[in-house]
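Here are a few notes to go with your first look at this one. Have the viewer open and follow along point by point.

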Amino acid sequence: MPFLAVLMADLVDSEQHDDPERLHAIFNAAIDRENARLTDDMASPLTITLGDEFQGLLTSLVAAAGVARDIRFDLMRQDIDCRFVIGLVDLKTPLNRERAWNMMGPGFASARERLGDKRSASRYRFSLPQDALLETLLEAIGASLSAIERNWSTIQRDDIIALLGGASVAEVAQARGVGNFNVYKVRNAGDYDLYTTQWNAVQKALIELDDRCGLPGADRWCTYAFTPE
């Protein structure tokens with residue numbers, strides 16, 4: 001079986017949340033929405049393995065990164081913090097197309113180890129033992145992306161997420177009842193240009209690695225665009 005992309009994640013400080021029942025409901029809903037939206041890109045669907053963790057197998061690394069950011073944004077808008085690991089696995093057991101568990105192969109353990117490293121403040125981790133140099137570079141970019149997100153105000157977060165979702169500056173301004181200049185000011189204060197430049201670098205690197213590893217979803221790169229056209 002060819003390589004597949006693994007996506008693992010867990011909620012940050014979930015045991016300290018004020019309303020565990022609400023947290024559980026929001027987390028489950030976010031996973032369900034992504035599974036329903038991306039059936040073509042899911043080799044083994046996102047599956048909650050513990051109350052605050054999930055994993056899934058996808059047909060490409062670029063798809064895995066797109067899913068990670070989608071869920072990250074979904075949860076951020078509801079003030080929920082989550083960490084992600086994007087990695088490669090060489091599956092040696094039958095693919096479980098119903099649930100992402102009871103599978104084995106090189107790559108699972110290293111991705112799990114990275115997810116378990118709670119000392120890192122990065123919310124986007126990468127486990128790519130097949131390319132140690134690329135892994136190091138993507139780890140650095142992931143840390144930088146996380147630092148930018150951490151500094152967003154609520155308005156910066158919501159405006160930037162809307163813009164990355166395809167909304168125009170005029171549409172965001174109208175929704176907030178402000179002028180276009182205000183949205184540009186908020187966007188610049190939130191390091192929008194640097195943020196999108198870094199995401200585009202991640203996308204290009206993962207596209208190259210997808211192609212090199214022969215991932216079956218490599219021909220679906222256009223499914224994800226990390227900045228709007």
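1. A definition before anything else: contact here means heavy atoms within 4.5 Å. Keep in mind too that this is a predicted model.

2. Start with the sheet. It is open, with 5 strands in the order β2-β3-β1-β4-β5 and mixed pairing. At the edges sit β2 (42-50) and β5 (124-127), each pairing on one side only. From one strand to the next, the twist averages 15°.

3. Now the helices on that sheet. Helix α1 (residues 20-37) packs on the sheet and touches β1 (4-11), β2 and β3 (53-58). The direction of α1 makes about 170° with that of β2. Helix α3 (residues 108-115) lies across β1, β2, β3, β4 and β5, and runs at about 25° to β1.

4. Have a look at one strand pair. How do β4 and β5 run, and how many bridges join them? They run parallel, and 4 bridges join β4 (residues 82-89) to β5. Take Ile-86, for example: its bridge partner in β5 is Phe-126.

5. Next, go to helix α6 (residues 169-176), where Val-169, Val-172 and Ala-173 are buried. Viewed down the axis of α6, the buried residues fall within an arc of 100°, so they line one face of the helix. On the other side of α6, Gln-174 and Ala-175 are exposed.

6. What do the buried residues of α6 pack against? Their partners are α5 (154-164) and α7 (180-189). After α6 comes Gly-177, which has a positive phi, near 70°.

Definitions and conventions
Residues are numbered from 1 along each chain as its sequence is written. This is a predicted model: local features need pLDDT of at least 70, side-chain atom pairs count only at pLDDT 80 or more; totals for chains, interfaces and linings use all residues. Side-chain values use heavy atoms; hydrogens and water are left out. Buried means under 20% relative accessible area, exposed over 50%, partly exposed in between (1.4 Å probe, protein chains only). Helices (H or I, at least four residues) and strands (E, at least two) are DSSP runs, numbered from the N terminus. The arc is that of the directions from the helix axis to the C-beta atoms. Two strands pair if DSSP finds at least two bridges between them. Axes are lines fitted to C-alpha atoms, for helices over the stretch in contact, and angles run from 0 to 180 degrees between N-to-C directions.
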